Amino acid sequence: MKKEIMQGNAAIARGAWEAGVKVAAAYPGTPSSEILRDIAENYPEIYAEWSTNEKVAVEVASGAAIAGVRAMASMKHVGLNVAADPLMTLSYTGIKGGLMIVVADDPNVHSSQNEQDSRNWARFGKIPMLEPADAQECKDFTKIAFEISEQFDTPVLLRTETRVAHSDSPVVLEDRVESNIVPGLDPKDAPKYVMVPINVRVRRKAVEEKMKKLEEYANTFKYNIMEINDTSVGVISSGVSYLYTKEVFPEWSYLKLGMVWPLPKKMIAEFAKKVKKIVIVEELDPFFETEIKAMGIKIWHGKDVIPNMYELSPEIVEKALKGKKYKEPKIRVKPEDLPRRPPNLCAGCSHRPLFYALKKLGAFVFGDIGCYTLGTAPPLQALHTTICMGAGIGQAHGAMKAIGKDALGKVVAVIGDSTFLHGGVTPLMDVVYNKGNSTTIVLDNRITGMTGHQEHPGTGFTARQEPTNAVDYAELGKALGVKSIRYIDPYNIKETMEIIKEEMNKDEPSLIIYKNAPCMLLRRAKPTERFKHPFYVVDTDKCRGCRMCLEINCPAISWQEGEGTTKDGHKRKGTTYINRDQCVGCEVCVQVCKFDAIVPGTK
Amino acid sequence: MKNSDKTVNIFLSGVGGQGTILASNILAEVFIKAGYDVKKAEVHGMAQRGGDVTTHFRFGKKVYSPLIKYGDVDFLLSFELLEALRYINWVKPEGKIIINKQKIFPPAVNLGQVKYPEDVEKIFKKYFKDNVWVVDGQGIARSLGNVQAANVVLVGAFSNFFPEINPEQFVEAIKSLLAPKLHDLNVKAFYEGRKAL
């Protein structure tokens with residue numbers, strides 16, 4: 001028996017491999033990104049792709065499943081919103097080979113734009129959902145998801161969250177077992193897959209029958225586990241919430257739900273009879289609570305004490321259930337008095353000069369989701385909306401239609417390369433078609449940055465690093481009908497400002513694209529090769545301590561207090577200092593300094 | 001100390017890029033090989049961009065929660081002074097603190113808006129008396145020729161708290177997680193760290 005310590009995401013990848021999965025598709029999103037990366041790196045038996053977006057990923061996976069192989073798609077919670085369209089109808093058509101869709105929630109929004117509870121998709125879409133608590137369960141539940149999928153002719157959702165996806169625990173490894181379904185497509189199956197009304201009505205009934213059978217199955221599902229200990233309190237919980245509660249109240253009785261939809265009503269009723277008082281511990285929405293209350297079961301505690309937002313933890317559960325009896329640990333230092341350490345754009349990042357330029361132009365910037373969202377942080381503060389992938393382009397268009405010609409020269413949409421392909425192409429088409437006049441800037445740094453460097457259709461490489469076509473953004477813009485297409489070198493602030501100003505003022509759609517500005521962490525693009533000097537230093541003969549260079553928020557630049565004078569006699573309260581280990585020589589601060597006080601360094 | 005059936009809670013904290021994740025991976029390998037149940041949770045995603053990084057590491061006969069309960073930390077192993085101080089309230093009164101002496105200024109300090117906290121060591125000693133150890137990870141690593149190995153120096157120092165584990169088991173874990181060309185340096189860093197307490 002081989003045991004290994006694995007991250008939840010790696011265990012899902014392993015489970016997929018062991019289950020005989022043949023096709024895996026995903027769009028990166030924290031905390032789900034490692035699943036597909038792990039498959040691409042470790043399991044050559046599985047075809048693995050980074051899809052253009054989550055909707056495409058689910059379509060690719062479901063096509064494979066209809067063709068009779070086991071297939072999966074993985075994404076973060078908000079990704080499922082994008083993929084909801086195919087998902088909601090796949091619930092009707094069913095599949096042939098097993099189909100699993102992994103959705104990774106992010107309670108406490110460690111790295112997301114909202115905190116939605118994906119269990120609601122299971123109820124809404126009439127789709128079974130499993131929720132593992134640790135890495136071993138990630139693997140086991142993945143394998144069982146494919147069995148359920150094939151047995152009940154339905155896609156299956158596997159819900160994880162940050163503390164499951166990004167936690168490591170021991171996993172027992174097993175061998176791969178190939179599926180015994182013979183792959184192939186049969187035109188005679190059309191009534192099952194063509195969702196026109198006459199067929200839909202038939203399948204609609206099949207959905208209800210499926211859910212009824214699944215509820216029966218849930219009552220005997222081996223991962224819905226009753227642990228009867230002290231019967232004074234019985235906890236109904238799932239996933240990591242179960243682990244937190246078990247940690248602080250090991251003596252109580254538990255009903256741990258491995259399948260969170262549909263609920264095992266018979267089992268729940270039975271559990272309620274065995275214990276005196278029921279407590280429901282669940283993160284985010286009162287999902288179980290609403291259902292269990294509707295069954296007529298009396299609850300001692302649920303969302304009356306358990307928070308319905310942010311994440312749970314052992315002490316939050318303990319405090320909620322013990323009330324005044326909870327003993328708060330001693331406060332030795334108030335953490336709020338300590339300096340924070342927020343994330344920042346890397347030294348040399350091409351987004352820094354771009355946002356500095358946009359700030360100087362005074363533009364209202366409709367933003368998007370990626371590293372460049374950090375452009376909203378002080379002191380740059382030059383990004384003014386972030387809703388979802390692709391939103392900024394349509395919003396800039398809508399705002400300009402609302403305000404009219406007065407908005408010319410004042411509004412711009414910015415979007416990353418991966419994000420543009422994910423959700424930005426259709427709104428740009430809309431801008432052109434509807435005679436808009438907004439300006440879109442594609443911040444093309446040649447990679448999906450924030451989630452850890454995944455390939456996309458614009459990078460020229462597949463998930464397995466094979467060379468492939470790279471989308472030409474200018475050609476794409478041209479095909480959509482954009483006439484005014486320009487490139488910018490964001491490291492040249494003056495020229496960047498001129499071009500953006502010109503394009504924002506044009507009464508027609510404009511598309512601006514970064515030229516040669518790859519992510520600083522993307523080694524293959526040799527991002528620092530374009531810079532003339534390896535690093536810069538502050539010439540203290542000239543630095544007047546005006547702090548202008550601090551306005552770009554470069555992690556390599558810091559303030560050094562100390563009264564003094566420049567060589568030509570200007571009094572100052574301090575100077576800035578450039579950390580040569582961090583400086584990459586991007587020259588952005590050089591352009592910002594009005595006194596030529598930042599000069600090439602010598603080793 | 002004797003680590004029988006009780007779950008031991010280790011909280012690691014540092015700054016993105018300091019190698020806290022490698023350190024927690026070494027611990028995971030060691031304690032799983034020693035037959036314990038292990039759980040490890042970290043928040044990353046934006047770690048490369050200079051944010052703070054924390055790992056909850058727990059081992060014992062059977063470990064439930066991946067997160068340590070607030071106030072229940074047995075060992076605080078910190079790679080940076082401010083990042084140690086940030087989690088001081090998490091440590092049990094009888095907990096042990098092992099801190100790397102390094103200071104990395106956060107942006108607000110760099111911009112001159114706030115001061116970096118002074119006397120971090122003193123604050124810890126005030127509350128934890130003799131249960132505080134400060135290690136010059138960078139200094140020791142530099143003397144071995146590569147400042148990058150400071151994280152493994154810290155792991156070496158920390159290994160002293162687990163006398164039931166043969167140091168060779170740490171070395172084995174280090175070798176299994178690093179490329180062969182890094183073995184010599186890091187094994188030396190481990191043993192130098194072990195001598196540092």
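**A helix pair and a sheet**

Author: Helix α7 of chain B passes helix α8 of chain B in a right-handed crossing (the near helix is turned clockwise from the far one by less than a right angle). This is a predicted model, in which local features need pLDDT of at least 70 and side-chain atom pairs count only at pLDDT 80 or more, while totals for chains, interfaces and linings use all residues. Residues are numbered from 1 along each chain as its sequence is written, and chains are lettered from A and ligands numbered from 1 in the order in which they are written.

From α7(B), B:Pro167, B:Phe170, B:Val171, B:Ile174 and B:Lys175 meet B:His183, B:Asn186, B:Val187, B:Phe190 and B:Arg194 of α8(B) (C-beta atoms, placed from the backbone, within 7 Å).

In chain A, 5 strands form an open, parallel sheet in the order β14-β15-β16-β18-β17 (pairing needs at least two DSSP bridges). β14 (364-366) and β17 (484-488) of chain A stand at the edges with a single partner strand each, so one side of each lacks a neighbour in the sheet. The twist from one strand to the next averages 25 degrees. Within this sheet, 4 bridges join β16 (439-443) to β18 (510-514) of chain A, and A:Ile441 stands opposite A:Ile512.

Notes. Helix = DSSP H or I, 4+ residues; strand = E, 2+ residues; numbered from the N terminus. Contact = placed C-beta atoms within 7 Å. Axes fitted to C-alpha atoms, helices over the stretch in contact; angles between N-to-C directions.
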